[in-house]
Amino acid sequence: MRGVAPLVIGIASSPAERRQLARLLGGTEAFLIVSSVDQARKFLGVAGTPHVAPVAVAAPTVALTAQPVPGAVTPPPAGLSIDSDRRVLRWLDREIALTRLEHDFLRCLVGAPGQVWTYERLHLEVWGNVHLGRGSDMHSVVRRVRRKLARVNAVATIHAVRGVGFRLTPA
């Protein structure tokens, strides 16, 4: 499309990451840096979770479209929430601290409970790069998040869909 400047949207949860992203995108005609996907959706006027989310990859000319696997989407268990400002998982009156990766991973799943998130889409959303088929980094985060969900006695767990990805389900 001629005459229309491309808009690059960067999502980074911490101020330091946003500054680094601003430096990386400095030569771009138009860019927006936000701290969460929800903030980007509000800015763009998009309601709800889209079925297809275009995501720009770090390589200069590569863009991928990641599609979640369709499935029955259920509401998150009442009382389960993520406090992004403090990076904590909250279940009823209990809280537990999350690392950046745990936080970003769990935000994806809590934002669309019951929906299967593919390895590819999770890797793009959480790690910011393309999934290369090795899952040890992702499985390590899943293991830690499962332990933390159990530690606060949450009625939700992370279910692995073999060869596809993960979803948040009732325990």
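## Contacts around Leu80

Contact here means heavy atoms within 4.5 Å. In this predicted model, Leu80 touches Leu89, Arg90, Trp91, Val110, Leu149, Ala154, Ala156 and Leu168, leaving aside residues up to four places away in sequence.

Leu80 also belongs to the largest nonpolar core, which has 28 residues. Leu80, Leu89, Phe105, Leu122, Ile158 and Phe166 are the members that touch the most other members of this core. Two or more core residues come from each of β5 (80–83), β6 (88–91), α3 (100–111), α4 (119–127), α5 (136–151), β9 (156–161) and β10 (165–170). In soluble globular proteins, nonpolar side chains tend to be buried together.

## The sheet of β5, β6 and β7

An open sheet is formed by 3 strands in the order β5-β6-β7, with antiparallel pairing. Its edge strands are β5 and β7, each of which pairs on one side only. On average, neighbouring strands of this sheet are turned by 20 degrees against each other, direction ignored.

Strands β5 and β6 run antiparallel and are joined by 4 bridges. Asp83 has Val88 in β6 as its bridge partner. Between β6 and β7 (residues 94–97) there are 4 bridges, and these strands run antiparallel. Arg90 stands opposite Glu95 in β7. The hairpin of β6 and β7 has 2 residues between the strands.

## The sheet of β8, β10 and β9

Another open sheet of 3 strands has the order β8-β10-β9, and its pairing is antiparallel. The edge strands are β8 (117–118) and β9, each pairing on one side only. The antiparallel strands β9 and β10 are joined by 6 bridges. Ala160 stands opposite Phe166 in β10, and Phe166 is one of the core residues that touch the most other members.

Helix α3 touches β5, β6 and β7, and its direction makes about 140 degrees with that of β5. α3 also lies across β8, β9 and β10, running at about 60 degrees to β10.

Helix α5 lies across β5, β6 and β7, at about 155 degrees to β7. In the other sheet, α5 lies across β9 and β10 and runs at about 155 degrees to β9.

## Helix against helix

Two packed helices are described by the angle between their axes and the distance between the axes. The axes of α3 and α5 come within 10 Å and cross at roughly 80 degrees. Angles of 65 to 115 degrees count as roughly perpendicular, so α3 and α5 are roughly perpendicular to each other. In their contact, Leu101, Glu102, Phe105 and Leu106 in α3 meet Met138, Val141, Val142, Arg144, Val145 and Lys148 in α5. These residues divide into 7 nonpolar, no polar and 3 charged.

Helices α4 and α5 pack at an angle of about 80 degrees, with their axes 11 Å apart. α4 and α5 are therefore roughly perpendicular to each other. Here Tyr119, Leu122, His123 and Trp127 in α4 meet Asp137, Met138, His139 and Val141 in α5. The residues of this contact divide into 5 nonpolar, 2 polar and 1 charged. Met138 and Val141 in α5 meet both α3 and α4.

## Burial of α4

Helix α4 is mostly covered, with 7 of its 9 residues buried. The buried residues are Tyr119, Arg121, Leu122, His123, Leu124, Val126 and Trp127. Of these, Tyr119, Leu122, His123 and Trp127 also take part in the contact with α5. Just after α4, Gly128 takes a positive phi of about 75 degrees.

## Positive phi in two loops

Leu92 lies in the loop between β6 and β7. Its phi is near 55 degrees, a positive value in a residue other than glycine. Leu92 is exposed, with a relative accessible area of 53%, because exposed means over 50%.

Asn153 is found in the loop between α5 and β9. The phi of Asn153 is near 60 degrees, again positive in a residue other than glycine. With a relative accessible area of 52%, Asn153 is exposed.

Methods
Residues numbered from 1 in each chain as written. Predicted model: local features only at pLDDT ≥ 70, side-chain atom pairs only at ≥ 80, totals over all residues. Heavy atoms only, no water. Core = buried A, V, L, I, M, F, W, Y, C linked by side-chain atoms within 4.5 Å. Buried < 20%, exposed > 50% of the residue type's maximum accessible area, 1.4 Å probe, protein only. Pairing = 2+ DSSP bridges. Axes fitted to C-alpha atoms, helices over the stretch in contact; angles between N-to-C directions. Parallel < 35°, antiparallel > 145°, perpendicular 65-115°, else oblique. Nonpolar A, V, L, I, M, F, W, Y, C, P; charged D, E, K, R; others polar.
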